[in-house]
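Keep the structure in view while reading.

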Amino acid sequence: MRETLLGMTLAELTQVALSVGLQRYAARQIAQWLYVRRVHDIDEMTNLSKQAREQLKAAYVVGAEPPMYAMRSTDGTVKYLFGAGGANTVESVFIPDADRATLCVSSQVGCKMNCRFCMTGKQGFSADLTTNRILNQIFSLPEHDRLTNVVFMGMGEPMDNIDNVLKALEIITGDYGLGWSPKRITVSTVGIRKGLKRFLDESQCHLAVSMHSPMAAQRREWMPAERSYPIAELVEMLKGYDWSGQRRLSFEYIMFKDCNDSLTYAKEVTKLLRGLECRVNLIRFHALPPVDSTPSLRQAQDRLGSGTSSPPMDLRPTDMERMVWFRDYLTLHGVRATIRASRGEDILAACGMLSTDRERQQNEQKE
Ligand code: SAH
């Protein structure tokens, strides 16, 4: 198998250049072909000698791959399915808006976090995406030229694949790469400490933390990651960083009817976030479609629940009026809050609905 060049950092391309007898500076030329000119073939790199190109071709390919299929929502959102090595696939969502166009990218095939409300969690974990596979979602997007923002809010937990995510961020923001400002990129996480620390120290991109509940016991029930990474400790850690400049910190909060949407919770959120420069994004819960085929072990465990509390399948979305009150309460207490618009629900492309379970895909293709 030949290695892919797309997804290599300048340091890695330098090694490649030297290995085929090119000078160090040729790495920048290759990067230019890959990331600025976006060529699909080594033969197109015409300022490299023919001999160097032949040598490159013996061991490498560019490694760009178009999406396998697209599904269009009535609201203009498009969901793409990309190959992810072997039989694996991931989904990306293109979300055009009035003055921006955002791509929601995946960082893993499936996810280990097993959040109770998330469809990706239900499919379990298959693999980390390579840097090539992360970047390919951007590189091979048909609407590439219109993109203004990228959010790591697709499938997977970015901090659990931090090496590849950081490399992708380096290439997207690097002067040798896409040259984007880090302000155009947001990475979302449940808060895996080690990866998060590296992300904070080694990149300048915006951070979104999935909170969903300010109460440890409740968060633990919905998000098993709370056991190892309590939200209170994450907030303390985040207070050690500077959020007063260009870099933005936000917390995501899915609103579950009668579970985390009362005054008690609004008060706890303001208490928890006091003294931290940030904002809160209130997200409408996208109820997961019922599974009508053979359930997976994950689904069976989920239905059974842990035995001490109400079954997680009872989660329902809060109505909009209450979301507005919740937002206003937070804002009036100095915590800037917004309600995130929900997009692409009809094609299962909204937050937390991405999954590439084989059964579901087959159902989609039948429709
Ligand atoms: N693993 C990362 C990024 C992927 S999910 C994280 O958890 O932050 C992106 C966002 O969608 C997260 O805030 C996640 O909690 C939210 N989400 C998951 N399932 C959802 C659902 N069913 N409805 C609404 N939002 C959901």
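A cavity is a set of grid points where a 1.4 Å probe fits but cannot get out, and its lining residues are those with an atom within 4 Å of a point. The model examined here is a predicted one.

How many cavities of 30 Å³ or more does a search of the whole structure find? The search finds two. The volume of the largest cavity is about 470 Å³. Its lining consists of 32 residues, and those nearest the centre of the largest cavity are F117, C118, M153, S210 and G352. Divided by class, the lining of the largest cavity comprises 18 nonpolar, 11 polar and three charged residues.

The second largest cavity holds about 30 Å³ of space. L6, Y35, L135, I138, F139, H144 and L178 line the second largest cavity. Helix α5 (residues 131-139) supplies three of the lining residues, the largest share. Six residues of this lining are nonpolar and one is polar, with no charged residues.

Next comes the open space. The largest pocket has a volume of about 910 Å³. It is lined by 36 residues, with R100, T102, V151, N281 and R340 closest to the centre of the pocket. Strands account for several parts of the lining of the largest pocket: β5 (89-96), β6 (101-104), β9 (149-152), β10, β11 (206-210), β12, β13 and β14 (336-339) each supply at least two residues. By class, 17 residues of the pocket lining are nonpolar, 10 are polar and nine are charged.

The remaining paragraphs turn to the helices. Two packed helices are described by the angle between their axes and by the distance between those axes.

Helix α5, which contributes to the lining of the second largest cavity, packs against helix α6 (residues 162-173) at an angle of about 45°, and the two axes lie 8 Å apart. Are α5 and α6 parallel or oblique to each other? Angles under 35 degrees count as roughly parallel and those from 65 to 115 as roughly perpendicular, so α5 and α6 are oblique to each other. Their crossing is right-handed. On the α5 side the contact is made by T131, I134, L135 and I138, and on the α6 side by N164, V165, K167, A168, I171 and I172. Seven residues of this contact are nonpolar, two are polar and one is charged. Two of the α5 contact residues, L135 and I138, also line the second largest cavity.

Helix α6 has another partner, helix α7 (residues 193-202), with an angle of about 20° between them and axes 10 Å apart. With the limit for roughly parallel set at angles under 35 degrees, α6 and α7 are therefore roughly parallel to each other. α6 passes α7 in a crossing that is right-handed. In this contact I162, D163, L166 and L169 of α6 meet G195, R198, F199 and E202 of α7. The class division here is four nonpolar, one polar and three charged residues.

A further pair is helix α10 (residues 263-273) with helix α12 (residues 320-332), packed at an angle of about 35° with axes 10 Å apart. The crossing of α10 and α12 is right-handed. Helix α10 brings L263, Y265, A266, K267, V269 and T270 to the contact, where they meet F326, Y329 and L330 of α12. The contact of α10 with α12 has seven nonpolar residues, one polar residue and one charged residue.

Key
Residues are numbered from 1 along each chain as its sequence is written. This is a predicted model: local features need pLDDT of at least 70, side-chain atom pairs count only at pLDDT 80 or more; totals for chains, interfaces and linings use all residues. Side-chain values use heavy atoms; hydrogens and water are left out. On a 1 Å grid over the protein atoms alone, a cavity is a set of points where a 1.4 Å probe fits but cannot get out, and a pocket is an open set with protein on both sides within 12 Å along at least five of seven lines; lining residues have an atom within 4 Å of a point. Grid points are joined across faces, edges and corners, and a volume is the space filled by probe spheres set on the points. Ala, Val, Leu, Ile, Met, Phe, Trp, Tyr, Cys and Pro count as nonpolar, Asp, Glu, Lys and Arg as charged, and the others, Gly among them, as polar. Helices (H or I, at least four residues) and strands (E, at least two) are DSSP runs, numbered from the N terminus. Axes are lines fitted to C-alpha atoms, for helices over the stretch in contact, and angles run from 0 to 180 degrees between N-to-C directions. Angles under 35 degrees count as roughly parallel, over 145 as roughly antiparallel, 65 to 115 as roughly perpendicular and the rest as oblique. A crossing is left-handed if the near helix is turned anticlockwise from the far one by less than a right angle, and right-handed if clockwise. Contact means heavy atoms within 4.5 Å.
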